[in-house]
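Subject: the structure I promised

Hi,

Here is the structure we talked about. Have a look at it first, and then read on for what turned up.

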Amino acid sequence: MKTIYKLLVVVTLICAVTAAFAEDLEVMHWWTSGGEAAAVAEFAKAFDATGNHWVDAAIVGGEAARAVMVSRITGGDPMGAFQFNHGRQAEELIQAGLLRDITDIAEAQGWKDIVNPPTLLDACTVDGRIYCAPVNIHSWQWLWLSHKAFEDAGLPVPTNWDEFVAAAPALEAAGKLPLAMGQQGWQQSGAFNVMMATLVPQEIYLAVYKDKNPEVAGGEEVAKVFKAAADARAMSAKSTVQNWNDATNLVITAQAGGQIMGDWAQGEFAVAGQVAGTDYSCLPGLGVTEMLDTGGDAFYFPVLKDEAQIAAQGELAALLLKPEVQVAFNLKKGSLPVRGDIDMSTANACMQKGLALLAEGKILPSTGQLITPDTSNQINTLFAEFFADPSMTPEDAQKQFVSIIETAE
Amino acid sequence: MADTAVSTNVSSTASLRDGPRGPKPRRTFSRRNILLYGTLFVIAVYYAIPLYVMIVTSLKGMPEVRMGNIFSPPLEITFAPWVKAWSQACTGLTCKGLSIGFWNSVRITVPSVIISTIIASVNGYALANWRFKGANVFFTILIFGSFIPYQVLLYPVVILLREIGLYGKLAGLVIVHTIFGMPILTLLFRNYFSSLPEELFKAARVDGAGFWGIFLRVMLPMSIPIFAVAIILQVTGIWNDFLFGVVYTGPESYPMTVALNNIVNSTQGVVEYNVNMAATIITGLVPLTIYFVSGKLFVRGIAAGAVKG
Amino acid sequence: MKRPNQLFRNLSAKIAAIPMIVTGLFVFVGGTVWTVVYSFTKSGLLPRLKWVGLDQYERLWSTKRWLVSIENLAIYGISMLVLVFVIGFILATLIDQKVRFENAFRTIILYPFALSFVVTGLVWQWILNPEFGIQSIVRDLGWKSFTFDPLYTPEIAIYGVLIAGLWQGSGLVMVLMLAGLRGIDQDIWKAARVDGIPAWKTYLFIVIPMMRPVFITTLVLVVSGIVKLYDLIVAQTGGGPGIATEVPAKYVYDMMFAASNLGQGFAASTMMLVTVALIVIPWAMLEFGGKKNG
Amino acid sequence: MNYAVEIKDLDLYFGNVKVLQQLNLDIYKGEFLVLLGSSGCGKSTLLNCIAGLLEVTDGQIFIGGNNVTWAQPSERGIGMVFQSYALYPQMTVEGNLSFGLRNARMPRDEISKRVSRAAGILQIEPLLKRKPAALSGGQRQRVAIGRALVRDVDVFLFDEPLSNLDAKLRADLRVEIKKLHEQLDNTMIYVTHDQIEAMTLADRIAIMKEGKIMQLASPNEIYNRPRNLYVADFIGSPSMNFLHGEIKDGNFLLDGITIPLKGYEFAADSSQGGKAILGLRPEHILTGDNLASATVRTTVTVELVEPMGSDTLIYSTLAGTFIHVRMDGQARVSPGDKVEIGFQPERASLFDPETEDRL
């Protein structure tokens, strides 16, 4: 009897407390690398400070995470909030009415005025309603170079892609891997898209991904990009790592010369205590065309029934774009904040470069905003194959690429 | 023919003659034996090496892992990787190691095994002894069901679970395991109950026992061995499941296999092979223990599970 | 006396069988029909009844990754089938030679079967890793040019998976074969010895044909395992390098949950079902066709 | 050399279990020898040793005068028939008969000659193209015998060949085996646990118990003069009645009844007296018209009657021992009746209760 009584008291207490304010909100994301984890902890800290509790649900790997999120939402077991790449991934969920319309919060917080570039908010908007809170800007178009690797090989640190390609043989002779590349389709197609955005005129990128023009996709300029991808393939032939952060680690430890990876790689350098400019270099737009895409992460909020949960969702949504949260988060994450009106002077050299480009408006839409996950999955597969199989010629790959673009929606 | 009436003196010792006597002499190291045991030894090494590598690596410190080869025994035995794998390894923000996955697996496995075994035993009993109309049709469907690739049913089951409101919950996964374990287990029990003497069943009916009475008081006490087999089959099967765990549960209720895959593939900085190996062993520990402890029953279990259809 | 209503005869038995009936009808039949039906739709992230005829199948069969998956499954499946049978049978015959330490050998050969595919995949990923696995060991021993890195060479990566698959699965086949061998009437062996037939001939011409039921059971078991091949790939190679070790089950999963293209996933899983049906139905006819058997 | 098979000091141990111990057995050429005993007595083991299917622990085996202790079964000049037939299921009858010969690279025409001869003897010509699964039990056993026949050997070994058949077929095939033996005139060693088979077929029977031969003699001798209590009890159905008493001054004293032992052939010199067991077969207890030839008579009360048509068994108690008595089939008795019974000492058996040997 006594134990049961005790139990009852405890249960009642817990219920009372929960009902009063502290709401456990499950937040799902795929930020699991060192830098990412540190960044997301900032959100958790800020949210916990509101009296609620951030229940962290991290899943390794974006694809696996998206699968779980979608099946949980469609499966009727929605979490409190989840991270997604804004863009076309969430389209269907919104159409199916599974995601919460947060227009009221956005308006109350004045997101329309502060989010920069405004395209970010557009990506969250369907039929004039806002469904997500963008939290950062990620750009893919960066080349990360290890100073020590080049030093060891007796070379100067390159300032653009062509110099880097030229330095590859010397790096190899010094026992270095010229280009680190994680053996996963999204990283390989990502690198290709970066080359497409930077090594050839910008119109090409838009013609291919926005207009889905198969002629352009099969044309001269894209052929050049495929040749460059073949170079990258040769340079990364000995790269056996899988995860992007393992690849970044090769650069950090000077086992590899460089890596094409989005700005989130910076978080890894930061965690490793490296300093931009002295330990490593970052070349936006591969040092060729200084241009960044404005992909990024956003938080979506599934439609829930529980009032307390809904309230907690609102608090989280509002908090995500708060200036101090934005600064703390983005510094850790290595990404750019979604508002231009905050002080990022503590950011390092690389981020400053990015901020400058952003301010100048040298921006591109990200592929995620232009093509469906299905199409990007097909492209990922194509490049996974291309990078793994040296016998596949750039011409063959381009042919397949054209047929993907032809059927893309 | 000799005089058949004469009885030979049986106990007397006949004199042995020259020539072969007793067992044919054999060299212990005959060519056949060298070949036989040599082959078996090589095979045993092939099968044993992965376990050896896992154990050895899991007992080394990181510096030793990096310099040494994977086959050399540890110079200095450390249990730190085990501790880390169990309680500290990280997936994202949560650094609670495999312990959470372990307890999840326990929470999934125990009710799944109990429920699926109970349902399947009742099914098997109904099919074997009561033979109601249409029983064979359902049974055939069930058996064919066991051959349907899981992928075909993956999504419909998501919908099913959503409709009954159990998606992403442990109870949902328990149902999934019960469903997918049903064909083999039902067959197992049906065949077993069919093999019991029918007179027993008839006698119980004459004595006035009903469906449940016969099941509980006559059949159950006689079917301890088959229950053991079914339980072994289910425990190992469910513990080792990965696909259903990934699809039908959320991260907070991931079973151990999924947690293992996450921990191993979520590297932060240096890959800690010793921790990964320790995690791998810990994950395999439950089915391995069952295997080593139950020995013959395990073999019977898989053989019984194998005779499906 | 009135005859009791047919429906209520054996009522308890029928009630007890409800879970089975529900599972059989709803899940197995219903689920399968559902998936097949939706494979003719343009379902993306969510299932939608927007008919597109055979479009999904057309796309499926013109997708290189699917073709590679099928090819891989064929290579893996056929090699696995042949090798697992040969190895399993040879192991069983070796163990059947009244060897000493039979239990020890059997234990060592079978234990991998107790382990999950995830564990199997990870372990062999490490052992086959060129940087510190077999390759580096052999190189350390002095053979500097030795190369054995199947998981990093697209052309042979699937065989790297095969090594792990065999390691995990051959013990099961051995146990089944051993049970089959032990189930053979000892008098047959004696008769063959009296007839002066050498052991290998006895195995080949007498024992193996007698083990047909065991072979068929094993075949069905191994084949259904092969079709389901998924965990091992995810843990060992993740489908890589490139798409060198992709398999249909993974294609289905990725299409459904990563590419948000359910229709494509349904079409692919329907093709898997067709494949299994092509194997299982003839077997079932063979097994149950002749005699009436519930 | 008129022995077909000689077994000398044979030992066979399975680990610590001594299955056969110091066993000696000589079998004449052309003899039909039956190894009889309950299961586990070592009779099949002995047969397997002769066949070379089991390796002996010690001792020697000669077949046709050759020391075959180390020889392969196929080299011993034996043919063997098994209880489970052991036919090769996927071969036709012809295939079964010829497989061993083909394997020995015998010329084709010689094989077909032998097969057709065997088929002729066993009358299985119409079955030659069939597979074993399409044959009845009796037909299968014929094929199994045929397989031994084609080997054209001097010694046939039968390992409980009729045990898997039903009673009627068993009786038929028993007769056929007997005919076969007369026709072929070769040595046959036949293992069975069925005493009828043993009594009807054998020239000599070896009764075995715990790896030892208890008695080796003609069926008649074994039936009439069992060498010990075990043999006496084992042979005969219903089995012998055993009455415990005492020998004194040439008489057997049984609870008040004195049975003079005049006419009884003592196996050993045991006239000094002492405790003894008197064994009387139910059919040797005289009743009714036969009582005239009895030297000793007494009256018992019938307790149970089993009419069997050809004869009637009655159960009763004599001197505190439950006994059965075989009466004429037409005798009309019912429980409670008093019946007079009598014995002939010369048809009885006496055993020493200590050694259990015949006195």
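Going from the N terminus, chain C reads α-α-α-α-α-α-α-α-α-α-α-α-α-α. That is 14 helices and zero strands, where helices (H or I, at least four residues) and strands (E, at least two) are DSSP runs numbered from the N terminus. Before you go further: this is a predicted model, in which local features need pLDDT of at least 70 and side-chain atom pairs count only at pLDDT 80 or more, while totals for chains, interfaces and linings use all residues. Residues are numbered from 1 along each chain as its sequence is written, and chains are lettered from A and ligands numbered from 1 in the order in which they are written.

Chain C overall

The C-alpha trace of chain C spans about 70 × 65 × 30 Å along its principal axes. Its radius of gyration is 24 Å, while a compact globule of 294 residues would come out near 19 Å (taken over C-alpha atoms; the globule rule is 2.2 Å times the number of residues to the power 0.38). Of the 294 residues in chain C, 53% are buried, meaning that 20 or more other C-beta atoms lie within 10 Å of the residue's own, with 12 or fewer counting as exposed, anything in between as partly exposed, and C-beta atoms placed from the backbone. Among contacts in chain C with a separation of 6 or more, 69% link residues 24 or more positions apart; a contact here is two C-beta atoms, placed from the backbone, within 7 Å.

Where C meets B

Chain C puts 73 residues in contact with 65 residues of chain B. The biggest share on the chain C side comes from α2(C), with 13 residues. By class, that side has 51 nonpolar, 17 polar and five charged residues (Ala, Val, Leu, Ile, Met, Phe, Trp, Tyr, Cys and Pro are nonpolar; Asp, Glu, Lys and Arg are charged; the others, Gly among them, are polar).

Five strands of chain D make an open antiparallel sheet, ordered β13-β12-β11-β14-β19; strands pair if DSSP finds at least two bridges between them. β13 (257–260) and β19 (349–351) of chain D are at the edges with a single partner strand each, so one side of each has no neighbour in the sheet.

β11 (241–248) has three bridges to β12 (251–254), running antiparallel in chain D. D:Lys248 is partnered with D:Asn251, and D:Glu246 with D:Leu253. These two strands, β11(D) and β12(D), form a hairpin with two residues between them, and D:Asp249 in the turn has a positive phi of about 50°. β11(D) also has seven bridges to β14 (274–280), again antiparallel, with D:His244 opposite D:Ile277.

Domains

Chain D is assigned domain 1 (3–233) and domain 2 (239–351), with bounds from an automatic or database domain assignment. Their C-alpha centres lie 38 Å apart, and the contact takes five residues from domain 1 of chain D and six from domain 2.

Chain B gets domain 1 (34–78) and domain 2 (100–255 + 289–306), with C-alpha centres 37 Å apart.

Cheers
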